[in-house]
Amino acid sequence: MPQPWGGGEEPRQACPSPAGPHRTELYEAPPSGCWPIVYSPEYNITFMGLEKLHPFDAGKWGKVINFLKEEKLIADDLIVQAREATDEDLLVVHTRRYLNKLKVLYLHVFVQQTVQMLHKTMNFLCVSILNFGKEWSFVVATITEIPPVAFLPNFVVQRKVLKPLRTQTGGTIMAGKLAVDRGWAINVGGGFHHCSSDKGGGFCAYADITLAIKFLFERVQGVSRATIIDLDAHQGNGHERDFMDDPRVYIMDAYNRYIYPGDGFAKRAIKRKVELEWGTEDTEYLQKVHTHVEGALNEFKPDIVVYNAGTDILDGDPLGGLAISPQGIVKRDELVFRAARSRGVPVLMVTSGGYQKRTARIIADSILNLHSLGLLGREQAACALGSPSLDQMVRDSAKDFSNLSLQ
């Protein structure tokens, strides 16, 4: 097993704002021997099989960790254990009203709105709704796109759905500080890019990307500019709405132009907009990613790059509509890490969307590739960080990854 890297520089000191930021456990220093890879078994969502009603693999995060363990890259005691974000942590971005919506929705609102939502697909349940007399979680059902969640008592939803999402959110905030301290960090979960301060959607209940950046701006000296590179197949309308007209944040977003969410207002916040066609394949995709990532980092000099590395660009994904190979995804991640690390800019990676069973293996293989190339570590030798030609990378992709066990 490779030796964990604890980072070269001393951790940057938190800087209190004039208002005095609240006390949080998310910025407590982890053991120095840990890799800046953040995870918790609490990430995985399982309850009575209802998670299977959404195409998202709600256990993929644990599978990524298991694959990395099998390859002897990490062990349990070398992973930074994610902590659950508290209400105080979430209120750095979210409104109290929004958080309360996630917790309780009373019956009269539930009846009115749930009947509308379920009419097309679950018409047979409409009559039975009136027989319920408890509080239900319609808002969470809408966000997770799993209608039967609306019928569960809220304490079940809190434990089985929202707590895992809050823990992943805490993991992203923690990974932001780790990235600044150590040059890079990966939250094996997170990437809830459809959630803004007052609205969730698309399986995104908490705005973890916005939270990670705002925590850094408020608490870490020397961090005042951030670039978001969002390469999930869907537009990242949540963080775009949150950072609308904020000159400190530069957003590059590459997405399938024809799919959810199609948020025209949020697109105004994108500084580099890369709208892709149905079925876009590796060569065109990698060329565009390379051109626009390099352009974005040349145009705006950030103190942190937040990389939303969704794998729903994979060929065959039921929601993404693109046709990128597993090898193409691995190369994409390599391009982003090379671009950021060659400039000495810390990079935080979150895993975001990905709706096929094989995406966990691809994420793990990408992390293994980054490690093998010297992109996960304090060494920034030119031989590791120099950028080969994109054409060569595309030509070599099948050969370089022919031994990966993508399933």
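Angles under 35 degrees count as roughly parallel, over 145 as roughly antiparallel, 65 to 115 as roughly perpendicular, and the rest as oblique. Keep that handy for the first stop.

Before you click: this is a predicted model, where local features need pLDDT of at least 70 and side-chain atom pairs pLDDT 80 or more, while totals for chains, interfaces and linings use all residues. Residues are numbered from 1 along each chain as its sequence is written, and side-chain values use heavy atoms, with hydrogens and water left out.

**Stop one: two helices.** Select 282–299 (α10) and 326–342 (α11); their axes come within 10 Å and cross at roughly 15°. That's why α10 and α11 count as roughly parallel to each other. Their crossing is right-handed.

Now show side chains. On α10, the contact (heavy atoms within 4.5 Å) includes Tyr285, Leu286, Val289 and His290; on α11, look for residues including Lys331, Arg332, Leu335 and Val336. The contact residues of α10 with α11 split into nine nonpolar, two polar and four charged.

**Stop two: a ring pair.** The structure holds five aromatic pairs, counted when ring centres lie within 6.5 Å (planes under 30 degrees apart are stacked, over 60 edge-to-face, the rest tilted; Trp uses its six-membered ring). Pick Tyr258 and Trp278: the ring centres are 6.0 Å apart and the planes at 5°, so this pair is stacked. Tyr258 sits in the loop between β5 (249–256) and β6 (272–276), and Trp278 in the loop between β6 and α10, so the pair ties together parts 20 residues apart in sequence.

Buried or exposed? Tyr258, at 46% relative accessibility, is partly exposed; Trp278, at 53%, is exposed. The cut-offs are under 20% relative accessible area for buried, over 50% for exposed, and partly exposed in between (1.4 Å probe, protein chains only).

Notes. Axes are lines fitted to C-alpha atoms, for helices over the stretch in contact, and angles run from 0 to 180 degrees between N-to-C directions. Helices (H or I, at least four residues) and strands (E, at least two) are DSSP runs, numbered from the N terminus. A crossing is left-handed if the near helix is turned anticlockwise from the far one by less than a right angle, and right-handed if clockwise. Ala, Val, Leu, Ile, Met, Phe, Trp, Tyr, Cys and Pro count as nonpolar, Asp, Glu, Lys and Arg as charged, and the others, Gly among them, as polar.
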